[in-house]
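Reader: I would like to learn how to read pockets, cavities and strands in a model. Please show me the structure.

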Amino acid sequence: MVVAEHQGEPMPYTPKNHGTDETNVIFDFCDVLLQWDPRGGTYDLFAEQSSVDVWKTFYDEDADYGFWHYDGLLDAGMDAAEAAADYRAHHAGKADEGAFDLYLAHRDLAFRGMIPGMDTLLELLHTRGIPTWGLTNFTADAVDYAQGRYPAMRLLNDVVVSSTERLKKPDRRIYELAAERFGVEPARSVFIDDKPWNVEAARDAGFQSFVFVNAMDARSQLAQAGVHL
């Protein structure tokens, strides 16, 4: 399955109150809207087509040239084929030489659904006419795939994607770019992310921001920011 494939046409979102005093809500993707778990999602795949030992080595967070190293490079804009070739070069002749190619051929397995309750939250915000947006360290094809697979993700008015912009959170410039692209005032916008350092960077750029815990906590935090559902 090709990650960039859509399952249904994008559903444009026209906020009823865009340009008024409504507060904008900006979401990170992974671990906020999406359950994205490449490690757990590919365990059976590696067990069947490679080995559990290769799976463990590939996803070792301390590995200099393991999955997480290349995942960061992909988010920063590296081409997938280039990343795979570089991985093979660093693992030539080893049991895990083909691990990155195996992952790339089955990237859809990393998508485990939306975070419980977040589809409902997006739908409530949409019904309320509150503009919603995305700001994510991710690849453009993964964003396309998520929006094709999960209808609620298509309620976002627009998304700034790190791989496209070749900028990653917590770089201040990506927050400034998002504000310009979306046409929003940071002070009237709430940014939600699961990583404290990204939240702190958003605050430094003038956004209201909080660390995501779960959907119910997000609703409570939004209410405190003046977004009442």
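Predicted model: local features only at pLDDT ≥ 70, side-chain atom pairs only at ≥ 80, totals over all residues.

Reader: What is the volume of the largest pocket?

Author: First the general idea. On a 1 Å grid over the protein atoms alone, a pocket is an open set of points with protein on both sides within 12 Å along at least five of seven lines; a cavity is a set where a 1.4 Å probe fits but cannot get out; lining residues have an atom within 4 Å of a point. Points are joined across faces, edges and corners, and a volume is the space filled by probe spheres set on them. Here the largest pocket has about 400 Å³.

Reader: Which residues lie nearest the centre of the largest pocket?

Author: W36, D71, D75, N137 and K195, out of 20 lining residues. Helices (H or I, at least four residues) and strands (E, at least two) are DSSP runs, numbered from the N terminus. The largest share of this lining, four residues, comes from α4. Both α4 and α11 (196-204) supply at least two residues each.

Reader: How do the residues of the pocket lining divide by class, and what counts as nonpolar, polar or charged?

Author: Ala, Val, Leu, Ile, Met, Phe, Trp, Tyr, Cys and Pro are nonpolar; Asp, Glu, Lys and Arg are charged; the others, Gly among them, are polar. The pocket lining has seven nonpolar, four polar and nine charged residues.

Reader: How many cavities of 30 Å³ or more does the search find?

Author: One, in a search of the whole structure. About 100 Å³ of space lies in the largest cavity. Eleven residues line that cavity, and W36, Y103, R107, T139 and A142 are the closest to its centre. Helix α4 (residues 67-75) gives the largest share of the lining, three residues. By class, the cavity lining has seven nonpolar, one polar and three charged residues.

Reader: Is T139 buried or exposed?

Author: Buried means under 20% relative accessible area, exposed over 50%, and partly exposed in between (1.4 Å probe, protein chains only). T139 counts as buried because its relative accessibility is 13%. T139 sits in the loop between β4 (132-136) and α8 (140-149).

Reader: Which side chain makes a polar contact with T139?

Author: A polar contact is a pair of N or O atoms within 3.5 Å; within protein, one must be able to donate a hydrogen and the other to accept it, and residues adjacent in sequence count only if both atoms are side-chain atoms. The side chain of T139 makes one of 2.7 Å with that of D141. Contact means heavy atoms within 4.5 Å. Leaving out residues up to four places away in sequence, T139 touches L74, D75, V161 and S163.

Reader: Where is N137?

Author: N137 is in the loop between β4 and α8. A polar atom of its side chain lies 2.9 Å from the backbone nitrogen of K169.

Reader: Which strands are joined to β6 by bridges?

Author: Two strands pair if DSSP finds at least two bridges between them. Four bridges join β1 (residues 24-27) to β6, running parallel. Four bridges also join β6 to β7 (residues 208-211), again parallel. V25 stands opposite V190 in β6, and F191 stands opposite S209 in β7. Five of the five residues of β6 (residues 189-193) are buried.

Technical notes: Residues numbered from 1 in each chain as written. Heavy atoms only, no water.
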